[in-house]
Amino acid sequence: MNLKNYFKELKRRNVIKAALAYLIVAWLVIQVLSVILPAFEAPPYLLKSALIILFIGFPIWIVFSWIYEFTPEGLKKTIDVEPERSMMSKTGSRINKVIIFALSLAVIVLVIDRLINEPVKVLDYGEKGIAVLAFADMSPQQDHEYFSDGISEELLNILVRIPKLKVISRTSSFSYKGKNKTAIEIGNELNVSHILEGSIRKSGNTVRITAQLINTSDGSHEWSQTFDRDMTDIFKIQDEIANAVTEQLKISLLGDEIKTKPVKPEAYNLYLQALHLAYQNTKEAYITAEDLVKKAIDIEPEYADAWRLLAGIYETGMYNLSIREPKEGIPLGLEAAEKAVKLDPNSGSSYITLASLQRQNWDFDQSAVNVRKALEIDPNNAIIYGTVANMTFGNLNESLEHLHKSLSLDPSVTVNYYNLGFTYYRLNQLDKAEEAFNTFTIYYPNSQILHYMKAKVYTAQGRYDEALNEIELETHEFFNLYGKNYVFYESGKERQADSLFNLFKKKYEKSDPSMLADLYALRGDFDKSFYYLNKALEIKNPDLLEALTYPTFKPMHKDMRWKTLINKIGLPKDHGFHLN
């Protein structure tokens, strides 16, 4: 049979019409299931199973249409039906009706979907965008960098509340500190129409602030002013600068002109010092920062920004730097975050800090409420999206979406590259994980925990010598020992691995049962691993929620004890953890 005759036979047997009808009906089935299944809280695998069944059924349907046809006597093979008794034409007409009906339904479904699903609202900034660069420290001894950086960030925080103004984050803006780049170059790289720069000279209780607004299209100065004031007027200066920016950019405010609630200069100075130290991200710096911000609060008890900073110090100091145990750090952090939200209910940063602490306290419902509140207040804040990415439980692909959203809003929020690497590692996308960690290394080559994670990636790739070299660079005591357990065990150095495991168990059995469970899973002792996972559940160990996403636990997913454990936690229904 030549190709032309073969095609005619396909048409005669209605195979092409049958294939078209199948595809349209299958599409309708998937659309209906995608609406109905979530409404009944059905597990995601049901929709995936339906897709697979329909995909497999398509070639079977094609073969069936070729081999068989319907006759008055019932279903028969086509080759056994005499031409004069064939009902192919009638069958073709019926299929045409099915196609027309199905296409009509498809159009109705598309129209309904367009009407009831409004597009996501994205804030339109127009052409108004600004980057607040780090103001230069012009003090006699140049020992007030904390103050000049802090003033710059405070100006940024004031401007970011203006709905029609795109404000680049601190991380991106401050990355130009000490670099000899023109306003035009910075504007092109950050895609902003203006930059605000200046200098600060502080001497005793007096301060001189010079600020200038520069158009990045041609480098021209649109506004400049010098303020010589006492420290008691520092907040008035900030407001004057912010209002001058809005006036020059011809941005209309929704309410009255910008006005910041002033605090005592002594408290403000201490707050800026604490903020400066917190950005250093070391244990020693965090301990000193906590002491300074507490002194600021003692002087100014209603200082919302200081309470928010204190909450963040409690959380990061507990979770990343082991300054406190969770049973102490979480209540302290919650108290501080709740105070910050109460004092300033219009701060998205305060709400996301509170939400993060509530999640660690296993108050999942209230945490979700405050995540939504943070995004509602500040829907284009890259830092908030980056934080939300760490709060998706077992939905690692959702975490990736939030991280990419954060990077699209501000590519210079570099901590996202670390979190990308960590997420890709857990998804076993090791090349992407390595690439992300290498990008993060460019910005923070000596960051604690980084070498530990790179060593784990190298270990998973079978690059054991590189992993051994990398883990030796890790300065964090806990993660150095934890990482060595991985590297030595996976590389076959059993005697050293056993010694390291016994040391880890001796030091961290009570405080970190989730991590001990992970090491038991690594060694294939799943009974012991389940034992310590349940220990972590008993004490509501914050690390458990993250640990459950580790690749070492995948072989345990089919064990009924895994499903029982997940259900005991009381997670939201869309938690994303495997329940096979």
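R523 sits over the face of F501, at 4.5 Å from the ring centre. There is a second case of this kind: R426 over the face of F422, at 3.9 Å from the ring centre. Keep in mind that this is a predicted model.

Now to helix α19, residues 450-460. Of its 11 residues, 10 are buried, so the helix is largely enclosed by the rest of the structure. The buried ones are L450, H451, Y452, M453, K454, A455, K456, V457, Y458 and T459. What covers them? The cover includes α17 (415-426), α18 (430-443), α20 (464-472) and α21 (477-490). Just after α19, G462 has a positive phi of about 80°.

Next, the rings. The structure holds 20 aromatic pairs. One of them is Y452 with F479, a tilted pair, 4.9 Å centre to centre with 45° between the planes. Y452 belongs to helix α19 and F479 to helix α21, so this pair ties together parts that are 27 residues apart in sequence. Y452 counts as buried, at 3% relative accessibility. F479 is buried too, with a relative accessible area of 14%.

Y452 also pairs with Y482. Why does that pair count as stacked? The planes are at 25°, and stacked means under 30 degrees, so the pair qualifies, with ring centres 5.7 Å apart. This pair again links distant parts of the chain, Y452 in helix α19 and Y482 in helix α21, 30 residues apart. Y482 is buried, with a relative accessible area of 0%.

Finally, Y452, F479 and Y482 are among the members of one aromatic cluster, which also includes F478, Y486, F504 and Y508.

How values were computed:
Residues are numbered from 1 along each chain as its sequence is written. This is a predicted model: local features need pLDDT of at least 70, side-chain atom pairs count only at pLDDT 80 or more; totals for chains, interfaces and linings use all residues. Side-chain values use heavy atoms; hydrogens and water are left out. Buried means under 20% relative accessible area, exposed over 50%, partly exposed in between (1.4 Å probe, protein chains only). Helices (H or I, at least four residues) and strands (E, at least two) are DSSP runs, numbered from the N terminus. Contact means heavy atoms within 4.5 Å. Rings of Phe, Tyr and Trp (its six-membered ring) pair if their centres lie within 6.5 Å; planes under 30 degrees apart count as stacked, over 60 as edge-to-face and the rest as tilted. A charge sits over a ring if NZ of Lys or CZ of Arg is within 6 Å of the ring centre and within 35 degrees of the ring normal.
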